[in-house]
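Hi,

Here is the structure I promised to pass on.

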Amino acid sequence: MANSNKRIVYTQDDGTVAILIPSDNCKLTVEQIQSKDVPEGKTSYIIDATEVPKDRTFRNSWTYTP
């Protein structure tokens with residue numbers, strides 16, 4: 001399953017953006033991983049890995065708007 005080209009993003013309680021990186025070795029779909037690993041009550045999005053900035057200089061100030 002090709003999950004590694006996707007990312008799951010959501011905003012944590014402290015306001016920072018969490019980025020989950022699914023593994024291709026996982027037998028779950030990216031949607032199943034999202035359901036299992038995103039905290040209850042959080043809105044999350046599945047995006048392409050290319051949407052995540054490569055420059056992490058200002059990582060703590062990142063936001064995500066669909």
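Before the sheet, a word on terms: two strands pair here if DSSP finds at least two bridges between them. Helices (H or I, at least four residues) and strands (E, at least two) are DSSP runs, numbered from the N terminus. Keep in mind that this is a predicted model, where local features need pLDDT of at least 70 and side-chain atom pairs count only at pLDDT 80 or more, while totals for chains, interfaces and linings use all residues. Residues are numbered from 1 along each chain as its sequence is written, and side-chain values use heavy atoms, with hydrogens and water left out.

On to the sheet. Three strands make up an open sheet in the order S2-S1-S3, with antiparallel pairing. S2 and S3 are the edge strands, each pairing on one side only. From one strand to the next the twist averages 30°; axes are lines fitted to C-alpha atoms, for helices over the stretch in contact, and angles run from 0 to 180 degrees between N-to-C directions.

S1 and S2 run antiparallel and are joined by four bridges. Val9 stands opposite Ile19 in S2, and Ile8 stands opposite Leu20, also in S2. The hairpin of S1 and S2 has five residues between the strands, and Gly15 there takes a positive phi near 95°. Lys6 has Asp48 as its bridge partner in S3.

Which residues of H1 are buried? They are Val30, Ile33 and Gln34, where buried means under 20% relative accessible area, exposed over 50%, and partly exposed in between (1.4 Å probe, protein chains only). Seen down the axis of H1, these buried residues fall within an arc of 100°, so they line one face of the helix; the arc is that of the directions from the helix axis to the C-beta atoms. What covers them includes S1 and S3. The face of H1 turned away from the buried side carries the exposed residues Ser35 and Lys36.

Next, the charged pairs. Side chains of opposite charge can pair when their charged atoms come close. I counted a salt bridge as a side-chain nitrogen of Lys or Arg within 4 Å of a carboxyl oxygen of Asp or Glu, and a search of the whole structure finds three of them.

- Lys6 and Asp48, the bridge partners mentioned above, also meet through their side chains in a salt bridge (2.6 Å, N to O). Lys6 lies in S1 (residues 6-11) and Asp48 in S3, so the pair ties together parts that are 42 residues apart in sequence. Lys6 is partly exposed at 26% relative accessible area, and Asp48 is partly exposed at 33%.
- Asp13 forms a salt bridge with Lys42, with the closest N and O atoms 2.5 Å apart. Asp13 sits in the loop between S1 and S2 (17-20) and Lys42 in the loop between H1 (30-37) and S3, so this pair ties together parts that are 29 residues apart in sequence. Asp13 is exposed, with a relative accessible area of 74%, whereas Lys42 is partly exposed at 27%.
- Lys36 forms a salt bridge with Asp37, the closest N and O atoms being 2.7 Å apart. Lys36 counts as exposed at 55% relative accessibility, while Asp37 is partly exposed at 36%.

Last, the aromatics. Rings of Phe, Tyr and Trp (its six-membered ring) pair if their centres lie within 6.5 Å; planes under 30 degrees apart count as stacked, over 60 as edge-to-face and the rest as tilted. By this rule there is one aromatic pair. Why is the pair of Tyr45 and Tyr64 called tilted? The ring centres of Tyr45 and Tyr64 are 5.3 Å apart and their planes lie at 50°, so the pair is tilted. Tyr45 belongs to S3 (residues 44-48) and Tyr64 to the segment after S3, so the pair ties together parts that are 19 residues apart in sequence. Tyr45 is partly exposed at 30% relative accessibility, and Tyr64 is partly exposed with a relative accessible area of 28%.

Cheers

How values were computed
Contact = heavy atoms within 4.5 Å.
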